[in-house]
Amino acid sequence: CARITVSASDESISFGSTVEFSSDAASTIRIAHDKVEAGRFMIVWQDRGSGGGERRIYAIAGSTSGTTITLGSSVEVADPGYGCNISADPNNARKCIVKWQDNDSPYYQSYRILTADTSRNITQGTVASDDEGLYSIDSCGITFDHKTADKAHTIGQDRDNSHYPTLKGMTIDGTDITLGTKETAESQ
């Protein structure tokens, strides 16, 4: 990753030095910028697995100063896990929610809260898993509610319901997630 800054006065762009955050091949790389504390972010990614085998989800927290990036240590979020998405909490600094799908059929969706301390060390909450299959991680999203603290929403194609777009709300208490009931957005 690399930090890019844009000057408001002349709209010039400055590029910082690139920083390697994984020594393994990675895919489905996502970043969430802290909504409360400037210069903080978290990255999640999927490793490619050896020979296309089991894949895992990893995360790392970082901070920036100017164009300089400082990273913490990476943590394993899921083993196995496929695809991933991340959203930053707009009400709490250094807190994100991560979504991925299990690596084996029926590809259940799983979620976990990640928090980082000021030294960029990540603490992980308990995994919450759906009992519904996800058709494609690329068609899913997750986001915190920007008006109501400790609420998040997810959407995806429900593998068990003709691949219809399906929504689900969730409540967060610290790092614990309580999943709501799914709602089908479109059934035609």
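These numbered points describe a predicted model of a protein.

1. Basis. Residues are counted from 1 along each chain as its sequence is written, side-chain values rest on heavy atoms, and hydrogens and water are left out. Because the model is predicted, local features need pLDDT of at least 70 and side-chain atom pairs count only at pLDDT 80 or more, while totals for chains, interfaces and linings use all residues.

2. Confidence. The mean pLDDT (the predictor's confidence in each residue, from 0 to 100) is 83, and 82% of the residues reach 70 or more.

3. Secondary structure. The protein has 17 strands and zero helices. Both are DSSP runs numbered from the N terminus: helices are H or I with at least four residues, strands are E with at least two.

4. Of the 188 residues, 39% count as buried, where buried means under 20% relative accessible area, exposed means over 50%, and partly exposed lies in between (1.4 Å probe, protein chains only). Among contacts (heavy atoms within 4.5 Å) with a separation of 6 or more, 42% join residues 24 or more positions apart.

5. Main core. Which residues have the most contacts inside the largest nonpolar core? They are Met42, Val77, Leu114 and Ile122, in a core of 18 residues. A nonpolar core is a set of buried Ala, Val, Leu, Ile, Met, Phe, Trp, Tyr and Cys residues joined through side-chain atoms within 4.5 Å. The elements giving two or more residues to this core are β4 (40–47), β5 (57–65), β7 (75–78), β8 (82–88), β9 (95–101) and β10 (108–116). A second, separate core has 10 residues, including Tyr111, Ile113, Ala128 and Phe144.

6. Met42. Leaving aside residues up to four places away in sequence, Met42 touches a list of residues including Ile31, Ile60, Ile86, Cys96, Leu114 and Ile122.

7. Cysteines. The structure holds zero disulfides, a disulfide being a pair of cysteine sulfur atoms within 2.5 Å. Cys84 is buried at 2% relative accessible area, and Cys96 is buried at 4%.

8. Aromatic pair. One aromatic pair is found in the whole structure. Rings of Phe, Tyr and Trp (its six-membered ring) pair if their centres lie within 6.5 Å; planes under 30 degrees apart count as stacked, over 60 as edge-to-face and the rest as tilted. The rings of Trp45 and Tyr58 have centres 5.9 Å apart and planes at 25°, so this pair is stacked. Trp45 lies in strand β4 and Tyr58 in strand β5, 13 residues apart. Trp45 is buried at 2% relative accessible area, and Tyr58 is buried at 17%.
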